[in-house]
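Hi,

Here is the structure I promised to pass on. My notes follow below it.

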Amino acid sequence: MEFFATLRLALGVASIAFELDTPTTIKQLVDMASQKLGTDISQKLFDGDKIKRGTMILVNGKNIHHLNGLDTLVEPGDRIAVFPPAGGG
Amino acid sequence: MPGTYAGKLLRINLSTGDIKVEEIPEEYLRKYIGGRGLASYYLYKEIDPKIDPLSPENKIIFATGPLSGTAAPTGGRYMVVTKGPLTGTIASSNSGGFFGAELKHAGYDMLIVEGKSEKPVYIYINDDTVEIRDASHLWGKDTHYTTDKLREEVGIKNAKVACIGPAGENLVKFAAVINDKHRAAGRTGVGAVMGSKKLKAIIVKGSKRPKAASDEFLHVIREKTDTLRKDPITGEGLPKLGTKVLDNIINQNGLYPTRNFQTGVFEKTHEVSGEALVEKGYLVKNRACYACPIACGRVTKLPTGLEGEGPEYETGWAFGANCGVSDLNAITEANFLANELGLDTISTGTTIACAMELYERGILPKEDLQKGPELLFGNSEAIVYYTKQIAYREGLGDKLAEGSYRFAESYGHPEYSMSVKKQELPAYDPRGAQGHALEYATSNRGGCHVRGYMISPEILGVPEKLDPQSLEGKAEWVKIFQDLTAVIDAEGLCLFTSFALGADDYRDMLAAATGWDITTEELMKAGERIWNLERMFNLEAGIDPKEDTLPKRMLEEPMPDGPNKGAVVKLSELLPKYYEVRGWTKDGIPTEEKIKELGLEELKK
């Protein structure tokens with residue numbers, strides 16, 4: 001799982017890896033990441049059960065909005081990219 | 001005069017030396033708002049769209065909006081509107097900084113420059129004192145020297161300067177107008193039009209603050225400023241990382257154009273991203289334009305000692321991934337050079353990228369490089385060297401200065417130019433976002449991302465997340481984004497405000513500034529009017545609707561790898577729907593009914 005933009009600057013961590021034995025959802029994976037990092041990143045990314053407006057979570061480059069949302073299942077070898085709301089031009 | 005308008009325009013003829021001040025009828029203001037809208041109306045009314053853009057018959061208009069120079073958030077924007085030499089379309093280039101606000105403070109909504117001077121001149125404006133002055137001693141000088149020298153000469157340290165560098169003087173087809181040293185009305189070659197008129201610079205000092213129609217204005221802008229400050233994009237992401245926050249986002253989403261748009265994933269993005277600019281310690285601080293709470297500008301210092309502003313996202317990409325270059329030092333140096341020499345960075349980088357592809361394919365022979373560095377993707381020396389060559393039209397730079405389309409065409413392969421209507425595409429591969437692709441194809445000033453930034457909903461998820469590969473509803477979205485952008489450009493605000501604000505917010509600010517009882521619907525209609533007016537200008541200029549297309553690569557070559565592997569742009573499905581949504585004929589021409597509905601009959605020639 002890779003972190004970008006202000007999230008990366010705030011965490012001071014660019015990426016973490018997980019070893020998965022069972023099928024895991026994005027929601028579970030974010031909880032696992034929070035535990036590993038010792039900081040609750042789900043607060044930064046979610047409003048309850050929803051992804052915050054503009055927050056972007058990609059599984060192999062595909063936005064989970066167009067997959068199965070927070071229930072999207074992650075498989076070994078998948079690359080997860082996490083971005084807080086961002087814009088430019 | 002309603003509220004924050006100056007109500008006057010300044011008209012200067014460089015052939016005759018005439019200087020006039022004219023009233024602007026309120027009817028035009030309400031119909032075209034200001035900035036891009038009002039200036040496009042005057043340009044269309046006053047010139048024959050068929051003229052040569054670099055002839056004395058062309059006019060160049062510097063236009064502010066009703067919110068320029070006020071305390072409205074980002075109210076420092078102005079537009080440069082003229083017929084563009086790169087595309088042959090109407091050209092309107094937007095810039096921030098402080099120049100636009102100062103022009104308004106001098107008491108003018110617009111400055112219209114006509115004719116052509118025999119010798120180099122600059123225009124001096126200090127409120128009601130306006131003079132055309134000799135600029136022979138500045139000809140050939142870069143934009144930084146020119147700015148400092150002019151301020152020193154007129155003895156006003158904080159006067160604001162918009163000028164051209166050697167690129168504009170040498171009629172480089174994508175020369176920029178640079179104001180406040182680091183801000184560019186970058187695109188469409190507006191700097192070459194100044195150069196063709198022998199107009200080196202405009203220096204302005206103003207003391208008249210626009211006065212809003214009611215005290216309600218202060219309350220309204222405080223509320224909108226607060227919204228911008230609290231928004232995660234305009235209040236946190238853009239201030240901290242600038243526009244370069246996008247490098248990783250667009251790359252991870254697989255539409256980061258790499259090596260002249262041959263693919264959408266750049267393997268060295270981590271070395272050139274906005275995060276890298278911070279982590280490598282190149283970023284000194286951020287800098288805001290006039291009245292801007294966002295402050296996306298980057299002040300940077302390189303390990304080599306070079307200091308300047310930038311790179312922002314487009315520039316970093318154009319000289320970086322698009323040229324296969326991952327040396328952030330060289331990219332930033334090329335950026336500084338482009339600002340000093342007065343070049344549009346997107347077209348400069350993308351034209352060099354096109355030359356690199358032609359060279360690697362053996363189409364551009366080595367002898368044509370005239371001992372310049374090899375045009376190989378990844379060669380950081382080349383981006384700095386050819387940027388200079390282009391500005392001075394030296395060696396191969398003379399041909400490159402014509403832009404990628406004319407350059408590739410001269411070698412018999414225009415298909416390697418990544419452009420629309422001869423203007424180079426910016427930093428989003430259209431195969432990765434179908435709506436954005438449609439916006440590129442239909443933009444009134446050629447390949448451009450800031451005429452309707454569909455990346456916002458399709459990739460960034462603002463105001464809501466759309467599937468970038470779906471065609472559903474995209475024509476409607478593109479129309480709304482194009483019309484709303486025209487409104488923002490007309491009011492004199494920055495497009496970045498639209499990450500946090502919506503159409504109602506722009507209505508609120510305009511209504512409070514002018515005292516008009518204006519609805520959001522009327523405002524959006526004005527945006528549609530501006531869009532159609534520009535389209536009518538282009539049709540009359542001889543731009544065939546068949547040019548509403550994209551480079552063949554985007555339509556026929558599937559994306560080779562990354563998340564969008566296999567994708568092409570489905571333009572043949574999108575375009576007919578777009579024409580229908582616009583109320584145009586199936587051939588892309590505004591119907592009589594549409595022209596009447598928008599009140600544009602008087603302009604139909």
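Strand 3 (residues 60-64) and strand 4 (residues 78-83) of chain B pair in the antiparallel sense, over 4 bridges. Two strands pair if DSSP finds at least two bridges between them. Within this pair, Ile61(B) has Val81(B) of strand 4 as its bridge partner.

This is a predicted model: local features need pLDDT of at least 70, side-chain atom pairs count only at pLDDT 80 or more, and totals for chains, interfaces and linings use all residues. Residues are numbered from 1 along each chain as its sequence is written, and chains are lettered from A and ligands numbered from 1 in the order in which they are written.

The sheet: 6 strands of chain B form an open, mixed sheet in the order 2-1-6-3-4-5. Its edges are strand 2 (19-23) and strand 5 (90-95) of chain B, each pairing on one side only. The twist averages 20 degrees from one strand to the next. Helix 2 (residues 35-46) of chain B packs on the sheet and touches strands 3, 4, 5 and 6 (110-114). Its direction makes about 25 degrees with that of strand 4 of chain B. Axes are lines fitted to C-alpha atoms, for helices over the stretch in contact; angles run from 0 to 180 degrees between N-to-C directions.

The chain: chain B has 25 helices and 17 strands. Of its 605 residues, 63% count as buried (20 or more other C-beta atoms within 10 Å of a residue's own, C-beta atoms being placed from the backbone).

Domains: the assignment for chain B, automatic or from a database, gives domain 1 (8-205), domain 2 (238-424) and domain 3 (433-499 + 519-603). The centres of domains 2 and 3 of chain B, taken over C-alpha atoms, are 25 Å apart. Their contact takes 21 residues from domain 2 and 23 residues from domain 3. Residues are in contact if their C-beta atoms, placed from the backbone, lie within 7 Å.

The chain interface: 32 residues of chain B and 23 residues of chain A make the contact. On the chain B side, helix 8 (233-241), helix 9 (246-252), helix 11 (274-279) and helix 19 (455-460) each give two or more residues. Helix 8 of chain B has the largest share, 6 residues.

Best wishes

Key
Two residues are in contact if their C-beta atoms, placed from the backbone, lie within 7 Å. A residue is buried if 20 or more other C-beta atoms lie within 10 Å of its own, exposed if 12 or fewer, and partly exposed in between; C-beta atoms are placed from the backbone.
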